Amino acid sequence: MPKPKSFKKDASRQSSTQQAQQSSTPNWPPLRPLIPSSDLLLEPLLPDQIYLIRNFLPASLCKTYVSFLSSLPLITTPGKPKKGEAVRVNDRFQIQDATFADTLWRETALKELVTKSLAEDEQPLLLRETWGGEPLGLNANIRVYRYSPGQFFAQHYDDSNTLSFSSPSTPSPQPARTTWTLLIYLSTCSGGETIFYPEPTRANRNPEPISVTPEMGMALLHRHGDRCLLHEGSEVTYGEKWVLRSDLVVAR
Ligand SMILES: O=C(O)CCC(=O)C(=O)O
Ligand SMILES: [Fe+2]
């Protein structure tokens, strides 16, 4: 079904000025302590579209991260978006950091859960079908969002991007694309739910929206690109919502 024109795209591409301003990579705190992947689950919230990993990062690590991220030069996005971009009002920081993306992929449970969990009951072919190809790692384009009360991210679709993927552990570049959005909630707040709007089908002409309440340390993966669900980050009403965002990268 064609996507309605009134819904916008996520403006996640970086301007050259921002790139110039943020060329030195942050000194990210070590990803410790962590909960072993054997104690975590890739939980289907809407099979094939949205998965959750509760306790992906323990609360102590989330708190360390929030205080570290508070020291970064976050930029408030303008209330008036450029043509074709979704209205979003939050403070954000964006950096190209292949080393951190690689650490986040390998040191946490993510790589194991993405490449093994589904494989236990599914064939490798189905695994590739789910992720849109052979998973290689995470997009080096790391985004940090802070939403204070009154801030939100209006309804939009996330784009898939093609890229040439290399990482410290796989240095020779290979053709790749992003297929799923990764959000890691680093705090708990009131409001700020990520709400998905499933497409109507013959069997269900009026599907209920699916609302995810941010939980400290929970990770969410949702399919993006052609089969992305319309979604939004609803307005925060109390406290701060902190999110770390990247994307799953697969071979193309
Ligand atoms: O903050 C949220 O809940 C949603 C973020 C989002 O949709 C995005 O980064 O594209
Ligand atoms: Fe999005």
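Which strands each supply at least two residues of the shell around ligand 1? In this predicted model, the strands that do so are strand 8 (141–147), strand 9 (152–157), strand 16 (230–233) and strand 18 (241–251). The residues found around ligand 1 are Asp-10, Tyr-145, Tyr-147, Phe-153, His-156, Asp-158, Leu-183, Thr-194, His-231, Gly-233, Lys-241 and Arg-245. When these residues are sorted by class, the shell around ligand 1 comprises 4 nonpolar, 4 polar and 4 charged residues.

Polar side-chain atoms approach the ligand at several points. In Thr-194, a polar atom of the side chain is placed 2.5 Å from an oxygen atom of ligand 1. For Tyr-145, the distance between a polar side-chain atom and an oxygen atom of ligand 1 is 2.6 Å. The side chain of Asp-158 has an N or O atom that lies 3.1 Å from an oxygen atom of the ligand. Considered alone, ligand 1 exposes 290 Å², and 100% of that area is buried by the protein.

Across the whole structure, a search identifies 1 cavity of 30 Å³ or more. The volume of the largest cavity is about 130 Å³. Its lining is made up of 16 residues, of which Tyr-145, Tyr-147, Phe-153, Leu-183 and Thr-194 are the closest to the centre. The largest cavity is the space that ligand 1 takes.

At least two residues of the cavity lining come from each of strand 8, strand 9, strand 11 (170–185), strand 16 and strand 18. By class, the lining of the largest cavity contains 6 nonpolar, 6 polar and 4 charged residues.

Two features of the backbone were noted in loops. Most peptide bonds are trans, and most residues other than glycine have a negative phi. Arg-32 and Pro-33 are joined by a cis peptide bond, with omega at about -5 degrees. Pro-33 belongs to the loop that runs between helix 1 (16–21) and strand 2 (43–46). Asp-48, a residue other than glycine, has a positive phi, near 75 degrees. This residue, Asp-48, is located in the loop between strand 2 and strand 3 (50–53).

Notes
Residues numbered from 1 in each chain as written. Chains lettered and ligands numbered in written order. Predicted model: local features only at pLDDT ≥ 70, side-chain atom pairs only at ≥ 80, totals over all residues. Heavy atoms only, no water. Near = heavy atom within 4 Å. Polar contact = N/O pair within 3.5 Å; in protein donor to acceptor, adjacent residues only side chain to side chain. Areas by Shrake-Rupley, 256 points an atom, 1.4 Å probe, with all protein chains shown as cover. 1 Å grid on protein atoms, 1.4 Å probe; cavity = no way out; pocket = protein on both sides within 12 Å on 5 of 7 lines; lining within 4 Å. Sits in = over half its atoms within 2 Å of the grid points. Helix = DSSP H or I, 4+ residues; strand = E, 2+ residues; numbered from the N terminus. Nonpolar A, V, L, I, M, F, W, Y, C, P; charged D, E, K, R; others polar. Points joined across faces, edges and corners; volume = space filled by probe spheres on them.
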